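Dear colleague,

I am handing over the structure we spoke about, with the sequence alongside. Please keep it open while you read the notes that follow.

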Amino acid sequence: TIRLNKLAALVPVTDELLEDVAALATYINRKAPRKIDFKVNLAIIQGNGAGQPLGILSSPALVSVAKETSQAADTIVAANIMKMYSRMYAPSRQNAVWLINQDIEPQLFSMQFAVKNVAGTENVGGVPVYLPANGLSMSPYATLFGRPVIPTQAMETLGDKGDILFADLSQYMSATKAGGIRQDVSIHLWFDYDVTAFRFVMRIAGQPWWATTVAARDGSTTYSPFVTLDERA
């Protein structure tokens, strides 16, 4: 059972400002829904489930991959990406996307697989891991393991748990009230102050479909449609 939670924005504007700036009402009607959209995205990723959606990073179904031994702080290495991919529930791989904070992009641009010599004793070069958009990948989004890489400010900064997330968002359940964002305007709330109120309300609920990770049939590994990387401090 999930219950819809209310998300609201209230914008007071003086009547003088509305009179002097003809396009202000249009600007507010465009800007406020964008802010609500960001808050919804943030809740889907990081929400605690109390009066708001339960976010993926707070879900008991989340798999968090440990950093490499002696891995430097605030870094992402190729082994992290490979291990995250291997913990993604296999049927979800075809739908999964990489959600990242833009802070980690410089790490991705320089990431390579090490290539050893025939004897396997030393590195002789590397193969790029990250394929930038409209570069080698020739697609609208950059890719890792063939899956889109999408930057979003809902993710944590470089080095913190949640700076990168490999997720099959089809396994996240969300519900909204029909009609989406409701917009209202009132001159009565602050009538004696000569202020007009713009109100925006949205009712939304969400949580992962999964209540826990799934164990491998053979072995001790667990899998999930939501995989992130532990803190690298």
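Helices and strands here are DSSP runs, helices of at least four residues and strands of at least two, numbered from the N terminus. With that convention, Asp 194 belongs to the loop between S10 and S11. Please bear in mind throughout that this is a predicted model.

The strands on either side of its loop are S10, covering 182-190, and S11, covering 195-208. The phi angle of Asp 194 is positive, near 60 degrees, in a residue other than glycine. Buried means under 20% relative accessible area and exposed over 50%, with partly exposed in between, and Asp 194 counts as partly exposed because its relative accessibility is 35%. Together with Glu 16, Glu 19 and Asp 20, Asp 194 also forms a negative surface patch.

A positive phi is found at Asp 74 as well, where the value is about 55 degrees although the residue is not a glycine. Asp 74 is placed in the loop between strand S2 (63-65) and H3, and with a relative accessible area of 39% this residue is partly exposed.

Helix H3, which runs over residues 78-87, has Ala 78, Asn 80, Ile 81 and Met 84 as buried residues. When one looks down the axis of H3, the buried residues fall within an arc of 160 degrees, and therefore they line one face of the helix.

The last item concerns Val 13, which is located in strand S1 (residues 5-14). Is Val 13 buried or exposed? At a relative accessibility of 6%, Val 13 counts as buried, because the cut-off for that class is under 20%. Val 13 and Ala 25 are separated by twelve residues in sequence, while the C-alpha to C-alpha distance between them in space is 9.2 Å.

Notes. Residues numbered from 1 in each chain as written. Predicted model: local features only at pLDDT ≥ 70, side-chain atom pairs only at ≥ 80, totals over all residues. Heavy atoms only, no water. Patch = residues over 30% accessible without salt bridge, like charges linked within 9 Å, V, L, I, M, F, W, Y side chains within 5 Å. Areas by Shrake-Rupley, 256 points an atom, 1.4 Å probe, with all protein chains shown as cover. Salt bridge = Lys/Arg side-chain N within 4 Å of Asp/Glu carboxyl O. Lys, Arg positive; Asp, Glu negative; His and termini not counted. Charge placed at Lys NZ, Arg CZ, Asp CG, Glu CD. Buried < 20%, exposed > 50% of the residue type's maximum accessible area, 1.4 Å probe, protein only. Arc of directions from axis to C-beta.
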